[in-house]
Amino acid sequence: MKRKGIGALISQIARAICLLALLLPVLAFASDRVPKPVIDIDKAGKCVEDTATMRREHPDMLKHQRDSTMHEGIRTTKYSLKACVACHASKTSGSVLGEKGFCQSCHAYASVTIDCFRCHSSKPKRTSGVTP
Amino acid sequence: MSADANDGISRRGFLAISAATLGGVMLAPGIRLIEIAGARAPATGVSKQVRWGLLIDTNKCTPGCDDCVKACATENGLKDTGHPRTDPQWIRKVELKDMRTGRASSVPVMCQHCEHPPCVDVCPTGASFKRADGIVLVDRHICIGCRYCIMACPYKARSIVFEAITDQNPDVPRGNGCAEGCTLCVHRVDRDEQPACVEACTKAGHNAMTFGDLNDPQSEIAQRVAKYASTQIRADLKLNPGVRYQGL
Ligand code: SF4
Ligand code: SF4
C-alpha cells in the first residue's frame, strides 16, 4: 500500500513536469518573454481565407496561382501576389518590405528568405492611388 | 437593338449575341461585338484557337522615330542603367538600306514569337516556353540564367538582366539573373488591351503596327495579311514567327 502510494506520486510528478515542459513555449509566448514579430497590419480582419489558413498555406496558394497565371494566363485576383501587395503594403512606407513590413517582418522573424521581391514589386501600382 | 449598335454586326457576332441572350446574360452597353468574340473569361486558360500576331507596315514606320521603343521601356520598366551594351533590350529600331536601289527602311524588331521557337528548344529547365496562344515567354521562377536562349534566338530578341532591379511595374515582374524578352505585353493582352508599342504608334498617328488574332478571320490583322503581301524576317528558318512585316 505504501509502496504503491510512492510510485503513484512519482508518476504524477513526472506527468506534471512533462506537461509543464510542453506548455512552456506556449506560456512563454503568451507572456512577453519571447520576442514576437512587429508587423504593420493596416488592414486587419478577413483576408481571402481565415488567418490560420493564410498563415499556414499562403506559399502553396501563391505557387499554385503563379503557375496558372504564367502558363495559362489566368489572372484571377483571389490568390495573386499582386493583390496581397495591393492590400497589405504599409500606409507609411507603401511597401510590404521593410522592418515592420507585412511580409518581411514575419519572414525575418521565422528566418525564411523571401525571393518574391527580387522580381515582383513590393509596392502597389502607383497609378491606382497610394493605398488601393 | 438600336441602329448604332448594329454597326459592323457580323453573322458571328449575331450568333454570339443570340447565344448570350439565350443564356440570360445581359450585354453591357458599349461593348463591341468583335470584342465579345475575342474576350476570354478571366478564370479560363488561354486557348490555341488564338494566335496572337503583329503586323508592321514598314512603309508607315518613320526613320528615326522611336515611339514604340520608348513606350515599351515605360510599360515594362526598362531603365537605363548607364551600361547600354548590357542593358536589356526588348524592342529596337533597325535601319536597313538596299545598296543597289538606295531604298531605306526602318523597322522595329522584337521577339518574333516563333511558332517553333529555338529558345524553347534549347532551354534546359523549361523556363522558356510558348503559351497556347503563341506568346513566347520566360518563366522567371524557373530560369537559371544560363543564357542558352540568348545564343539560340536568331533575332537577338533575348537579353539577360545584369543588375538588381527595384520599383518594377507590378504587372511586369523582372529581376537580376533572368533571361527576358518582349512578352507582347501579355499582361495587357490578357485584359483585352493592345501591346504598349502598338498603342503608342497608333496614338502618334503612324499606324504602322497592327496587333490581333491571326486565327480570327474577322480581325483586322488577319484581313490585312490576307490582302497585302507580308513577310517574316528570316522566313527561310521556317520558325513561323507571329510578327510579320509589310513592305520589306
Ligand atoms: S524570336 Fe527568339 S526569343 Fe522570340 S520566340 Fe523566336 S527564338 Fe524565341
Ligand atoms: S537563360 Fe533561362 S530561359 Fe534562357 S535557356 Fe537558360 S534557363 Fe532557359
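## Sheet and helices of chain B

In this predicted model, helix 8 (residues 220-227) of chain B lies across strand 1, strand 8, strand 9 and strand 10 (243-246) of chain B, and its direction is at about 110° to strand 8 of chain B. Helix 7 (residues 196-203) of chain B lies across strand 1 and strand 8 of chain B, at about 135° to strand 8 of chain B. Contact means heavy atoms within 4.5 Å; axes are lines fitted to C-alpha atoms, for helices over the stretch in contact, with angles from 0 to 180 degrees between N-to-C directions. Helices (H or I, at least four residues) and strands (E, at least two) are DSSP runs numbered from the N terminus.

The 4 strands form an open sheet of chain B in the order 8-1-10-9, with mixed pairing. Strand 8 (209-213) and strand 9 (230-231) of chain B are the edge strands, each pairing on one side only. Two strands pair if DSSP finds at least two bridges between them.

Strand 2 and strand 3 of chain B form a hairpin with 6 residues between them. In the turn, B:Gly102 has a positive phi of about 80°.

## Ligand shells

A residue is near a ligand if one of its heavy atoms lies within 4 Å of it. The residues around ligand 1 include B:Cys111, B:Cys114, B:Cys119 and B:Cys153, along with B:His113 and B:Arg158. By class, that shell has 9 nonpolar, 2 polar and 1 charged residues. Ligand 2 has 14 residues around it, of which B:Cys123, B:Cys143, B:Cys146, B:Arg147 and B:Cys149 come nearest. They divide into 10 nonpolar, 3 polar and 1 charged. Ala, Val, Leu, Ile, Met, Phe, Trp, Tyr, Cys and Pro count as nonpolar, Asp, Glu, Lys and Arg as charged, and the others, Gly among them, as polar.

## Second largest pocket

The second largest pocket has a volume of about 600 Å³ and is lined by 30 residues. Nearest its centre lie A:Ser121, A:Arg126, B:Asp167, B:Gln168 and B:Pro170. The lining has 7 nonpolar, 14 polar and 9 charged residues. A pocket is an open set of points on a 1 Å grid over the protein atoms alone, where a 1.4 Å probe fits, with protein on both sides within 12 Å along at least five of seven lines; lining residues have an atom within 4 Å of a point. Volume is the space filled by probe spheres set on the points, which are joined across faces, edges and corners.

Residues are numbered from 1 along each chain as its sequence is written, and chains are lettered from A and ligands numbered from 1 in the order in which they are written. Local features need pLDDT of at least 70, side-chain atom pairs count only at pLDDT 80 or more, and totals for chains, interfaces and linings use all residues, while side-chain values use heavy atoms, with hydrogens and water left out.
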